[in-house]
Amino acid sequence: CSAQGPRPNNEDVHVLICDGLPQGPAPNIKAAGLPGLFDDLPDVLSGPSLPSVEKPPSVDCFFAVFDGHGGAAAAKACAERVPTEIREELEAAGKDTPEARKVAAESTILALDRHLRIKLGPLAREIGRTCVFCYAWQEEDEKDPGSIGLLIANLGDSRGLVLKKGDGKGPIRHTLAGETSDHSPDAPEEEKRIVAAGGKVESWSGSRFSVPRVDGILGCSRALGDLRFKEDAALLPEQQK
């Protein structure tokens, strides 16, 4: 899922969590240098201990790959933040319906983009990430015990595939059950949005390959970061180039 290619350094970062999404508030209080609610308490307190409560093991899993361009800083920042964001957005929107899951995924992407704008500042104009992530959980369905729910989302040209086990009667072990759609500049709806925002789709001058690019620069039509394509204050985030 990761390749360095011709670049001098690998700019991709992956996330793999198989024991449930992290609990608690977003880990940005200390990073921002802001005081916490209980910072004035001592590190160690004495007194009778409370009985331990064993939490049932979580089977929730989360996987993500951030495919970088322009440097690894944005990928690392997103990888650190995404578990908290997807947990908070799923708690807010729910995951019981396709509409709720779509809202949670889109809100996660927008939150990560805002996080890059704050954390990286001007650097976020020149670097960016595409990404694909998957959240899997065990459904609470008495009629179908053990069934697994999946939320898969992508941004840019990072693609996610869902495979299912074949029938075992031939050489093909798995078949394609579903896949995400790439966000390419020459896709009709993507190009329509780019042009409406004042941009254009053209190939990179002097390139050996005829790859459609946003303003002749960016080879995908959606990405985290790359804020130089999102500077029109009159447009909503989803209307930018």
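Which residues of the largest nonpolar core touch the most other members?

A: Happy to walk through this with you. Please keep in mind that this is a predicted model.

Let's begin with the core itself. Val15, Phe62, Phe66, Phe133 and Leu224 touch the most other members of the largest nonpolar core, which holds 32 residues. Two or more residues each come from strand 1, strand 2 (61-69), helix 1, helix 2 (98-120), strand 3 and strand 4 (148-155). Helix 1 gives the largest share, eight residues. In soluble globular proteins, nonpolar side chains tend to be buried together.

Setting aside neighbours within four places in sequence, Phe66 is in contact with Glu11, Asp12, Val13, Val15, Ala75, Cys78, Ala79, Val82, Leu112, Thr130, Cys131 and Leu224. Two of these partners, Val15 and Leu224, are also on the list of core residues that touch the most other members. Apart from this core lies another one of six residues, including Val214, Cys220, Ala223 and Phe229.

Now for the helices around the core. Helix 1 covers residues 73-93, and its end C-alpha atoms are 29 Å apart; this agrees with the 30 Å that its 21 residues should span at 1.5 Å a residue. Even so, helix 1 has a kink of about 45 degrees at Arg81, shortly before the proline Pro83. Just after helix 1 comes Gly94, with a positive phi of about 90 degrees.

In the loop between helix 1 and helix 2 you will find Asp96. With a relative accessible area of 73%, Asp96 is exposed, because the cut-off for that is over 50%.

Helix 2 has 23 residues and reaches 33 Å between its first and last C-alpha atoms, close to the 33 Å expected at 1.5 Å a residue. Its buried residues include Ala104, Ile109, Leu112, Leu116 and Leu120, but also Arg101, Asp113 and His115. The buried residues of helix 2 pack against strand 2, helix 1, strand 3, strand 4 and strand 9 (224-225).

Arg129 lies in strand 3 (residues 128-138), and it counts as buried because its relative accessibility is 0%. A polar atom of the Arg129 side chain lies 3.0 Å from the backbone oxygen of His69. Beyond residues up to four places away in sequence, Arg129 touches Glu11, Asp67, Gly68, His69, Gly70, Gly71, Ala72, Ala74, Ala75, Ala223 and Leu224.

Finally, a step back to the whole chain. It has three helices and nine strands, and buried residues make up 35% of its 241 residues. Of the contacts with a separation of 6 or more, 63% are between residues 24 or more positions apart.

As for confidence, the mean pLDDT of the chain is 81, with 79% of its residues at 70 or more. Over residues 24-47 the pLDDT is below 50, and beyond near neighbours in sequence this stretch has 14 contacts in the model. Where pLDDT is low, the predicted coordinates should not be read in detail.

Technical notes
Residues are numbered from 1 along each chain as its sequence is written. This is a predicted model: local features need pLDDT of at least 70, side-chain atom pairs count only at pLDDT 80 or more; totals for chains, interfaces and linings use all residues. Side-chain values use heavy atoms; hydrogens and water are left out. pLDDT is the predictor's confidence in each residue, from 0 to 100. Contact means heavy atoms within 4.5 Å. Helices (H or I, at least four residues) and strands (E, at least two) are DSSP runs, numbered from the N terminus. The expected span of a helix is 1.5 Å times one less than its number of residues. The bend at a residue is the angle between axes fitted to the seven residues ending there and the seven starting there. Buried means under 20% relative accessible area, exposed over 50%, partly exposed in between (1.4 Å probe, protein chains only). A polar contact is a pair of N or O atoms within 3.5 Å; within protein, one must be able to donate a hydrogen and the other to accept it, and residues adjacent in sequence count only if both atoms are side-chain atoms. A nonpolar core is a set of buried Ala, Val, Leu, Ile, Met, Phe, Trp, Tyr and Cys residues joined through side-chain atoms within 4.5 Å.
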